[in-house]
Amino acid sequence: MEIFENPEIQVLQEVEELEKETKIWALIVFNDEVNTFDHVINTLMEVCKHKSHQAEQCAMIIHFKGKCAVNSGEYDELVKQRNEICRRGISAEVEIK
């Protein structure tokens with residue numbers, strides 16, 4: 001008996017492998033009762049290279065929702081940004097998106 005490979009199954013397996021290799025990471029900033037809006041906005045502009053309106057929107061989301069994904073990308077780059085944000089007294093984590 002001859003066994004034929006199903007090309008659709010092969011493609012699905014390849015897609016699953018690619019998904020595992022290309023995880024998307026998110027930089028999450030959390031709300032607190034210590035930092036001012038201006039400090040958070042300035043930090044996002046300096047560390048994440050946000051434009052002022054983008055930083056302001058993220059700060060509002062952080063305030064009202066408790067957290068906001070302020071950036072996404074490669075893990076190593078986001079960890080650098082997270083470390084700088086935390087150095088400035090703001091809570092942040094890198095998570096799988």
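Predicted model: local features only at pLDDT ≥ 70, side-chain atom pairs only at ≥ 80, totals over all residues.
I took helices (H or I, at least four residues) and strands (E, at least two) as DSSP runs, numbered from the N terminus. I numbered residues from 1 along each chain as its sequence is written, and side-chain values use heavy atoms, with hydrogens and water left out.

**Overall fold.** I recorded 4 helices and 3 strands, in the order α-β-α-α-β-α-β along the sequence. Of the 97 residues, 25% are buried; buried means under 20% relative accessible area, exposed over 50%, and partly exposed in between (1.4 Å probe, protein chains only).

**Helix α2.** I looked up F37 and found it in helix α2, residues 37-47. F37 is partly exposed, at 37% relative accessible area. With M60 and F64, F37 forms a nonpolar surface patch of about 320 Å² accessible area together. Accessible areas come from the Shrake-Rupley method with a 1.4 Å probe, and for residues only the protein chains shown count as cover. Patch members have over 30% relative accessible area and no salt bridge; like charges are joined within 9 Å, nonpolar side chains (Val, Leu, Ile, Met, Phe, Trp, Tyr) within 5 Å. A salt bridge is a side-chain nitrogen of Lys or Arg within 4 Å of a carboxyl oxygen of Asp or Glu.

I also placed T43 in helix α2; T43 is buried, at 2% relative accessibility.

I found K49 in the loop between α2 and α3 (52-65). K49 is exposed at 65% relative accessibility, and its phi is positive, about 65°, although K49 is not a glycine.
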